[in-house]
Every structure is written in C-alpha cells, then in structure tokens.
Amino acid sequence: MSSGKEQWGSRIGVILAVAGSAVGLGNFLRFPGNAAENGGGAFMIPYFCALLFLGIPIGWAEWAMGRYGGRKGFHSAPAIMGVFGKGAVGRYVGVIGVLIPVVVYFYYVIIESWCLAYFWKYLTGGIGIVDGQSVAEQVATSKSFFEQISGSGIDGVTVGGDVHISLVIWAITFALNVYFIWRGLSKGVEWVCKWAMPTMAIIGIIVLVRVLTLGTPDPAKPDQSVIAGLGFMWNPDFSKLGDFKTWLAAAGQIFFSLSVGFGVILNYASYMKRKDDVVLSGLTASATNEFFEVALGGLITVTAAVVFLGIATTSMATGSSFSLGFNTLPVVFARMPGGDFFGAIWFLMLFLAAITSSLSMLQPAAAFVMEALGLKRGPATAVVSIGCLAGSFFVLWFSKGLVALDTLDFWVGSFMIFIMAAAQIICFGWVFGLGRGIEEAHEGAHVHIPKVFQFIIKYVAPVYLIVIFVGFCTRNLPAYVETILDQENPAHRNAQLAWIVIGTVIAILVTVTALGARRWRAQGLDLDGDREPDDVSPGR
Amino acid sequence: MENQAMTLQPLGWVFLIVSVGFVTGLVVWCYRRVLTLPPETSERAD
C-alpha cells in the first residue's frame with residue numbers, strides 16, 4: 001500500500017486532528033442560533049440525549065472501524081466499509097464516505113475563505129461600518145459587504161471582469177489546504193491541528209472574557225446587557241420539548257457538529273496502530289468539540305449580539321448561520337470597544353476552525369486516490385486538488401442566492417451523512433457483530449466502553465438515527481426535490497446544476513472504487529472482511 | 001421567550017452552569033487522562 005507508512009506523530013495528534021475536523025463554524029454560529037430558537041436552556045435536554053445516544057456511540061464505532069480497516073491496510077471509506085459490510089454492497093455504500101468530504105469541501109473552502117477575508121479586513125481597518133449609524137444602517141452595510149465577498153447577488157460576479165478580492169483569497173485558502181495535504185498526515189494535518197486547536201481555545205477564551213465583562217454598555221437600554229443575552233440563550237422554554245422539530249434540531253446539531261458519518265474519522269483512525277486507544281481518544285475528541293460548542297459558542301455569539309443589537313435584531317439572525325456570522329456579528333464588533341481587534345481574532349479563530357475541518361475533508365479523498373489507484377501522496381494530492389478546484393469553482397461561479405451551495409449542503413452535507421452514519425452503525429453492530437466490534441474497540445483502550453453503551457450502539461442509536469432521518473426527510477425533502485424537478489423556475493437552475501455535479505462525482509468515485517477493488521484483490525488484501533486482520537500496515 | 005429574556009432566570013442559571021460545567025469537566029478529565037498516560041514506547045515518524 002502506497003500510504004502504508006503514514007502514521008500520526010503522537011497520541012494527542014490524532015485527537016486534535018479529529019477534534020479539529022469536528023470543531024468548525026457550526027460550533028460558534030449554528031449551535032447558538034439553534035439553541036436560542038429551540039427552547040434555550042431546555043434545548044440542552046435533547047442535545048445531550050443526542051450526544052449520549054447518537055454522537056458518542058457512532059463516534060466510537062467509527063474510530064474502531066477505522067483502526068480495524070487500517071490493520072488490513074485500508075484507509076478509505078469504500079475499502080473499510082467493504083470489510084465491515086463483507087463485500088461489494090458495503091464497499092459501494094462506503095463511496096458516500098468519500099463523496100461527502102469531497103463535495104462538502106467544494107463549498108466549505110469558500111466559506112473558509114470568507115473568514116480569511118473578514119480577518120484580513122479587520123486587520124486593515126474593518127468592513128466599512130460607520131460609527132454612529134443606527135443598527136439598521138450598520139446591518140445594511142454589513143450585508144452589502146457580505147454580498148460583495150460572497151457574490152451572492154449574481155452568478156459569476158466573483159470570477160468575471162476585474163480580479164475580485166474574493167477570488168484571490170479563495171485561491172490562497174485553496175492553496176494552503178493543498179500544501180498541508182501534500183505535506184502529509186503528520187507534517188501537514190497533525191502539525192496544523194496541534195497549533196490551531198490551542199490557538200482557537202485561547203482566542204475563544206479571550207473573546208469570552210471580553211463578552212462576559214461587557215455589562216450594559218448603554219444604560220439607556222437595560223435590555224441590552226450580558227445578563228439579558230445569557231437569558232435569551234439559556235432561559236428554558238419547556239414547551240419546545242413537545243415539538244419534534246426541537247429534537248430534530250438537537251440531533252442534527254450533534255450529528256453534524258461531531259463529524260460522525262462524514263468518512264473522516266474512518267480515515268484518520270485508520271492510521272492508528274493496533275494498540276492505540278480509540279475509546280478515550282474518541283471521547284476526548286468529542287469532549288473537545290462540546291467544549292468549543294457549549295462553553296464558548298454557547299456563551300459568546302448570541303450574548304454579544306443581544307448586548308449590542310438587542311433581542312429583536314438577534315432573533316432575526318439566529319435562523320441562519322451565515323446571517324449571524326457574517327451580517328450580524330460584524331455590527332457587534334463595530335459597536336464593541338476595541339472591536340477591530342476582537343473582530344480580527346474572532347474571524348482568525350473561525351478561519352482556523354474552518355481549515356482544520358477542510359483539511360479533514362481533503363485527506364480522506366487523497367487517501368482514497370492513493371490506495372485505489374496506487375499513487376503516491378504528491379500525484380494523489382494533485383488529482384484531488386484538480387477535481388476539487390473544478391467543484392469549488394462551480395460553487396464560486398454559480399453564487400447567486402447561494403442556491404448551488406445550499407443544494408450541495410442539503411443533499412451531501414446533510415442527507416447523505418445520515419445514510420453513511422446509519423450504514424456504519426448497522427455494519428458495526430449487526431453485520432460485523434457487536435461483540436467483535438467492542439472487542440476491537442477495547443484493544444489498547446485506556447477506558448472501556450460502559451456496557452450500557454453496547455446496548456445503545458446496537459439498538460438505540462440505529463433506531464434514534466432512523467427516526468431523526470425520517471423526520472428530517474419529511475420536513476425538508478419535498479421542497480428540495482421540487483427545486484430539482486421544476487424546469488420552469490430559473491431560480492432553481494443552479495440547484496439542478498448542483499445535482500449534475502453530485503452525479504458526476506458519484507460516477508467518478510464508483511469507477512475508482514471498482515478499479516481499487518481489482519487492485520486490492522490482486523494484492524491479496526482482505527477487502528471483503530473474510531479473514532482476521534493480519535496487520536498489513538507497517539509499524540505494528 | 002422575549003419577556004423572559006430581560007434577565008437570566010434561576011432555571012436558566014441551572015441549565016447554563018450544568019451544561020457548561022459538564023462539557024468543561026468532561027474535557028478536563030479527558031485531557032488529564034490522555035496527558036498522564038505513560039509515554040508511547042515507539043517513536044513515530046511520517
């Protein structure tokens with residue numbers, strides 16, 4: 001195997017890498033709005049239920065599956081799922097585990113570049129919000145700036161005509177990602193995460209202290225205070241617990257926040273050695289994500305918005321991560337003493353959160369190309385980069401209304417993650433066998449999975465997942481299916497084009513998987529999981 | 001929800017402290033366990 005020599009440099013390295021993959025913009029922008037809109041403090045009940053019954057169990061299964069697959073010499077989701085699914089069906093379902101990170105990367109790297117653009121703008125004087133204007137005027141300025149940066153006003157604006165700053169920053173962001181992937185697992189991904197994660201924690205705590213010490217900046221507006229902001233976020237509205245939407249929102253938040261079902265943990269864990277712990281490592285990575293989400297995101301974003309903008313304006317923004325992050329928060333920083341400094345470090349933190357996540361999307365793709373086609377890391381990185389460049393360019397060009405981005409995010413970044421996670425947990429608990437799976441997870445483990453979690457992995461998590469998935473489809477699918485089928489409304493054209501992109505990527509990945517299967521069979525590898533691992537990868 | 005948000009109510013404090021306390025305690029416990037494990041016996045290299 002051409003990637004057989006790659007390993008993590010240290011125990012903490014893989015933990016920080018998985019945590020880096022999980023901690024992203026959603027921790028700071030999606031979670032606070034989600035919680036505030038769905039019951040405040042009461043939201044934490046379904047949230048922690050989802051953490052205990054979905055996120056952590058599926059995460060443990062994915063870590064164990066990844067390491068087991070690595071022992072057989074495999075590092076990609078199709079190969080590993082082929083082992084656990086005992087054949088071709090598992091293998092081709094596993095294609096989803098490459099499709100998701102690749103397609104999500106197409107648009108995620110663009111959002112990441114927005115963070116870098118905002119960081120740069122704050123370093124060089126701000127985004128043009130004028131002191132003394134009303135909140136409404138400042139929000140309008142902020143929205144206008146966001147439209148320029150994102151090109152959401154019209155297709156092609158960021159790449160047509162004169163070189164647009166967004167294009168330059170996207171290119172820089174893309175190049176940085178490619179560089180670190182090319183450098184490899186330990187010198188690239190792990191190195192970035194070892195620096196980025198502590199930096200993010202420090203910045204997060206600085207901003208948290210700043211926000212919690214704001215008090216009531218305008219005594220004439222006593223409702224705009226830290227306590228009011230915390231109240232808006234944390235006062236429980238128990239009536240929301242009777243609404244399925246709240247449970248759906250909480251499960252969705254946990255699910256996407258922990259990056260389970262993404263194909264990333266499968267890949268990252270595959271570079272671990274047989275005696276490397278996966279249970280404590282998996283729990284630590286999840287705990288890290290939860291700290292950033294609940295202790296930082298949950299205390300900073302909405303609180304700061306209420307302090308400077310009031311509850312009404314904040315309420316309008318909490319329904320959309322983009323709106324909260326890129327329209328509302330800049331106004332908050334404009335009104336905050338030292339706002340340019342705090343704005344700069346805040347968007348730097350978001351950029352670091354994003355790049356540790358985007359690297360985790362490119363890495364499984366590179367690993368897949370390496371092991372399916374027998375390429376070394378350099379050429380594999382080039383192949384993946386060219387493909388992702390085309391995909392990202394598509395999203396950059398067809399930017400009007402962010403419809404293409406939203407379509408990719410719904411179908412691949414949401415819908416298919418449910419499918420992949422369900423496939424994983426069912427393969428682990430039912431096809432491979434729970435007993436074998438737990439035994440594998442306990443190899444080298446420094447803590448053991450509590451017995452109750454074994455029951456949860458086999459019975460509770462799959463049922464919970466399926467119920468949530470059915471609810472998700474019932475609420476969201478009709479509208480998205482309509483945009484694909486509707487040939488008359490020009491606003492839906494970009495959604496249809498997005499599906500052509502998805503279909504193309506699927507076709508390519510299925511073809512490469514078929515080529516890979518032939519290769520692995522010729523190499524005598526156990527791609528259908530018929531034998532116990534013979535620990536193919538070196539270093540064992 | 002808006003009328004209640006004028007201040008952080010007692011139950012709000014409970015949810016805040018328990019939630020933030022839980023995730024903070026969990027992450028501290030985890031890293032303490034990880035960082036106090038015996039050193040890894042073999043050198044790794046990429």
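Analyst: Over all chains, the count comes to 11 salt bridges in this predicted model. In one of them, the side chains of Glu6(A) and Arg377(A) meet at 2.8 Å, N to O. This pair links distant parts of the chain, since Glu6(A) lies in the segment before H1 of chain A and Arg377(A) belongs to helix H16 (residues 377-397) of chain A, 371 residues apart. In general terms, side chains of opposite charge can pair when their charged atoms come close.

Between the two chains the picture is otherwise: across the interface of chain A and chain B, 0 salt bridges are found. The contact itself involves 49 residues of chain A and 34 residues of chain B. The size of an interface is often given as the accessible area lost when the parts come together. For chain A and chain B, the buried area is about 3500 Å², with 68% of it from carbon and sulfur atoms. On the side of chain A, Arg11(A), Trp234(A) and Asn235(A) supply 18% of the area buried against chain B, more than any other three residues.

Polar contacts join 5 residue pairs between chain A and chain B, both residues being at pLDDT 80 or more. The side of chain A that touches chain B draws two or more residues from each of helix H1 (11-22), helix H3 (44-71), helix H9 (185-212), helix H10 (226-234) and helix H13 (279-317) of chain A. H13(A) gives the most, with 11 residues. By residue class, this side of chain A comprises 27 nonpolar, 12 polar and 10 charged residues.

Helix H2 (residues 25-37) and helix H11 (residues 244-257) of chain A have axes that come within 11 Å and cross at roughly 175°. Angles over 145 degrees count as roughly antiparallel, and H2(A) and H11(A) are therefore roughly antiparallel to each other. From H2(A), Gly26(A), Asn27(A), Arg30(A), Phe31(A) and Asn34(A) meet Ala249(A), Gly252(A), Gln253(A), Phe256(A) and Ser257(A) of H11(A). The residues of this contact divide into 3 nonpolar, 6 polar and 1 charged.

Notes: Residues are numbered from 1 along each chain as its sequence is written. Chains are lettered from A and ligands numbered from 1 in the order in which they are written. This is a predicted model: local features need pLDDT of at least 70, side-chain atom pairs count only at pLDDT 80 or more; totals for chains, interfaces and linings use all residues. Side-chain values use heavy atoms; hydrogens and water are left out. Contact means heavy atoms within 4.5 Å. Buried area is the accessible area (1.4 Å probe) that two parts lose on being put together, summed over both. A salt bridge is a side-chain nitrogen of Lys or Arg within 4 Å of a carboxyl oxygen of Asp or Glu. A polar contact is a pair of N or O atoms within 3.5 Å; within protein, one must be able to donate a hydrogen and the other to accept it, and residues adjacent in sequence count only if both atoms are side-chain atoms. Helices (H or I, at least four residues) and strands (E, at least two) are DSSP runs, numbered from the N terminus. Ala, Val, Leu, Ile, Met, Phe, Trp, Tyr, Cys and Pro count as nonpolar, Asp, Glu, Lys and Arg as charged, and the others, Gly among them, as polar. Axes are lines fitted to C-alpha atoms, for helices over the stretch in contact, and angles run from 0 to 180 degrees between N-to-C directions. Angles under 35 degrees count as roughly parallel, over 145 as roughly antiparallel, 65 to 115 as roughly perpendicular and the rest as oblique.
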